[in-house]
Each structure stands twice: as structure tokens, then as C-alpha cells.
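Please work through the following exercises with the sequence and the model at hand. Each task is followed by a solution that goes step by step.

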Amino acid sequence: MNLQLVGCSHHHSSIAVRERLAFDARQAADALARLRERFPEVEAVLLSTCNRVELYTAAEVPEQSPSHEQLAEFLAEYHGLELVEVFDELFERTGEEAVRHLFLVAASLDSMVLGEPQILSQVKQAYQLATDQQSAGPVTHAVFQAALKVARRIAAETSISQKRVSIPSVAVADFARQIFERFHDKRVLVIGAGEMAEETLRYLQDEGAREITVINRNLARAHALAEQWHGWALPWESLGEALVEADLVVSTTGANLPIVTLEHYRQLEPLRYQRPLVVLDLAVPRDFEPAIGDCLGVYVYTVDDLKAVCQENKAARDQALPRALAIVDEETAQFMADLRHRATGPIIQRLREGWQRPKDEELRRLFNKLPELDDRARGEISQSFDRLINKLLHPPLESLREETRQPFSYSLLDALKRLFHSHLSE
């Protein structure tokens, strides 16, 4: 049995290489089909995210498994690249190291942002795609299902994924939630249409926000972002009107000066009738003049406020890391023991079958010599033979089971194969 992975990640490879080797969902399905054509007996799962491209393969018979070079060549060839262009940027893991690596990835312990939640769903999607493509098999089913279980266990037993560490997630969950218990009835105004605005919108919609307005100096970009999040766009000239209506503002422009001054806000303030206003000013330089935060019912949070919480949360995650790694080590050892135990199953079965045949022949010869035996006597003799075989097989099989719990335990299995060669080869 052989399990390996070949791929690249943010640890070893530049973003330029990761981009060239990345697969979208359609390409991943196509790549799995092509790999199956080239290596029909090989199981495969392809995980491709913005931070990693990892091709996991497994084969029941090691001789049928592709080599590291063959998998690297496949990845390069699929994207029309020369192997020499990417080979040094790829890494490989085999056996127990591959299992441990997948467990770390699924649990977000190998992510650029420790504990980030997206990777688990990406691992699930990769596994589901391989299953749909009939590219997964017994070994990959076992190791990916185990990886999902490990991720769930670490999430339940540690705080590694409980503390948010990105500015948008902290802005929404740690600050806006202090003011609003719910978001579905709040009017959200997004000023700007960049990546920070988009990520903040994702967290807001996860929290239930539905009424979303986007304002940007470029109205087309405002329309594009609003359409993506089922909101509507307004021209820049409507900023004052939108501020009057908003309950929560997310501002992320690249303006060099505040886009809302205290004087401007004072003009709008009477029209709001003292309704609370939360401003997540994620822009640098700030979009809202700081003195606005002193106005009645206005809560302004800046990037500096959010960064402090992000650092505290990151420190808390780092403290949980040793416990999470210990769980990965424990689960890896258990998985490998189960895998080795599974590998011994056919050998144990064939050993028993190998001893069964001479037993049956000996019983047949004995019963022919003793035709006067009745059924009861024959049954007693047959059971005695069974007990004798079980006693003879018990010590080596117990030793074999014990050794499967230890790493690198194939020596006894090989010895048994040689010792009982005559039986196993029949």
C-alpha cells in the first residue's frame, strides 16, 4: 500500500508558481480523469486553493503507484509547463508524513492564517470531487474522512479556530456585534469596492445582513460588488443620503483625506434622529474624521482598534497550537496503526486458509481409517483439530497485531510471509 502527495504551498513556493499550477473546479475534474487514464489502479484527490496545490495518490500495490517525478511531470504537463520550471518548487510526502500533512492542512494548522476556517470546506470539496469522479478509493476515503474527523476534534477541543484574526472578521464579529444583536434588519452601507470591502461583506452576510448598499467613486465597480452580494449601488453623490439611512458603515476607500468630516456629519446628524451608527473605518488614511466618534450614538472603530484585537486573538491561537499538534500526532499514529492492521488482514486470512486445507485432508484420511466413528465423535475430533490450529496460530498472530501498533512494523509481516510461504503462495 502506498500513499503519497506531490504539490506546492505558500511554505515552499512563490505565488507566481502557485498561480501557474492552480486548478479550478472544472480543471480539477478533468485532471483527475486524465490521471486515472494514465494510472488506472491509482486513487487520487486534488486539492487546489490560493495557497496550495496538492495531489494525493494511493495504490494498494506499491508497484502500481506513480513515482514522485511522474506526478510532478503530470502537474507541469497539464498546465503546459516544462517540468524544470516547477520541479524545485514542489514538495513530496509519503506514508505517515503524507497522512500527518493532510491532517495539519484540514485542521488549518498549515494555513497562512492559523485556524482560518475556509480550508476545511476546501478539503471537503476536493474530497467530494474525487468521490464524484470515482477517483477516490479505499485508502483515500479512509485518510480524508480521518482528516475531517481530526479537524472537527481540534475545533472542539482547542480554541485554535475560535479567535478571529482577520480585520474584517474582527470588525464584524467582535465590534459590530457589541452594538447590534442581529443584522438582518440593519441597513449596511459599504463605501469602497476593494477586497477589504468584499471580505467584510462576506462576514456580514454570514451574520445575516441583507440590506446592503455600495457606494464607490467608480459606479461600475459599485454595481459589480452590489450585484455579487445581492445589494444595490448608489452614485458617489448620494453619500450623504446613504449615511442618513445607514445603521452600519464599512468604509474602505483609498482617499488621502477624510471623505466624511465632522462638519459634514453634523449636517446629517439631525436627520438620523439619534439612531445608533456603527462605523467600521478600515481605510488608511481614515475615511471618517476622528471627532465624529464623539457624536451622540456614533461608534467609530479604526484599523488600529481592530489590529490590537487581532494580535490578542493570534496570541491565543498560538497558545492552543501545542495541544492541536499533539492531537494530530495522536490521530496520525492511530490511523497508521489501523492502516497496518488492515494490511495484515489478507495475510491472516490466507494463513488460516493455508492451514485449513491440510487439516481437512488429515481429517478425511483419519475418518476413512476409522469408519466406525459416529457423527458425535467426528465432531469432537474436528473441533480438536480447530483448537490445535488456533493455538498454533495464536502467538504469531498476536505478535503481528502488536507490531501493527508500532511504527515501521513490516519486519514481522515479511517474516511471516517467508515462514509460511508455502501456505500463502497456494
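A salt bridge is counted where a side-chain nitrogen of Lys or Arg lies within 4 Å of a carboxyl oxygen of Asp or Glu. The model is predicted, so that local features need pLDDT of at least 70 and side-chain atom pairs count only at pLDDT 80 or more, whereas totals for chains, interfaces and linings use all residues. Residues are numbered from 1 along each chain as its sequence is written, and side-chain values use heavy atoms, with hydrogens and water left out.

**Exercise 1.** Determine which parts of the chain the salt bridge between Arg-153 and Glu-330 ties together.

Step 1. The side chains of Arg-153 and Glu-330 meet in a salt bridge with an N to O distance of 3.1 Å. Arg-153 belongs to helix H7 and Glu-330 to helix H13 (residues 303-369), so the pair ties together parts that are 177 residues apart in sequence; helices (H or I, at least four residues) and strands (E, at least two) are DSSP runs, numbered from the N terminus.

Step 2. Arg-153 counts as buried at 17% relative accessibility, while Glu-330, at 43%, counts as partly exposed. Here buried means under 20% relative accessible area, exposed means over 50%, and partly exposed lies in between (1.4 Å probe, protein chains only).

Step 3. Arg-153 and Glu-330 also take part in a network of salt bridges that includes Lys-149, Glu-157, Arg-323 and Glu-331. A search of the whole structure finds 22 salt bridges.

**Exercise 2.** Locate the partners of the salt bridges formed by Arg-38 and by Arg-177.

Step 1. Arg-38 pairs with Glu-77, the closest N and O atoms being 2.7 Å apart. This pair links distant parts of the chain, with Arg-38 in helix H2 (residues 25-38) and Glu-77 in helix H3 (residues 68-78), 39 residues apart. Arg-38 is partly exposed at 39% relative accessible area, and Glu-77 is partly exposed at 45%.

Step 2. Arg-177 forms its salt bridge with Glu-207, where the closest N and O atoms are 2.8 Å apart.

**Exercise 3.** Which backbone features stand out at Gln-134, at Tyr-273 and at the bond from Val-284 to Pro-285?

Step 1. Most residues other than glycine have a negative phi, and most peptide bonds are trans.

Step 2. Gln-134, although not a glycine, has a positive phi of about 55 degrees; the residue lies in the loop between helix H6 (118-132) and helix H7 (138-157) and is exposed, at 64% relative accessible area.

Step 3. Tyr-273 has a positive phi near 55 degrees, and its place is the loop between helix H12 (262-272) and S9. Tyr-273 is exposed, with a relative accessible area of 68%.

Step 4. The peptide bond from Val-284 to Pro-285 is cis, with omega near 0 degrees, and Pro-285 lies in the loop between S9 and strand S10 (298-302).

**Exercise 4.** Is Val-278 buried or exposed?

Step 1. Val-278 is placed in strand S9 (residues 277-281).

Step 2. Val-278 is buried, because its relative accessible area is 0%.

Step 3. The C-alpha atoms of Val-278 and Val-300 are separated by 6.1 Å, although these residues are 22 residues apart along the chain.
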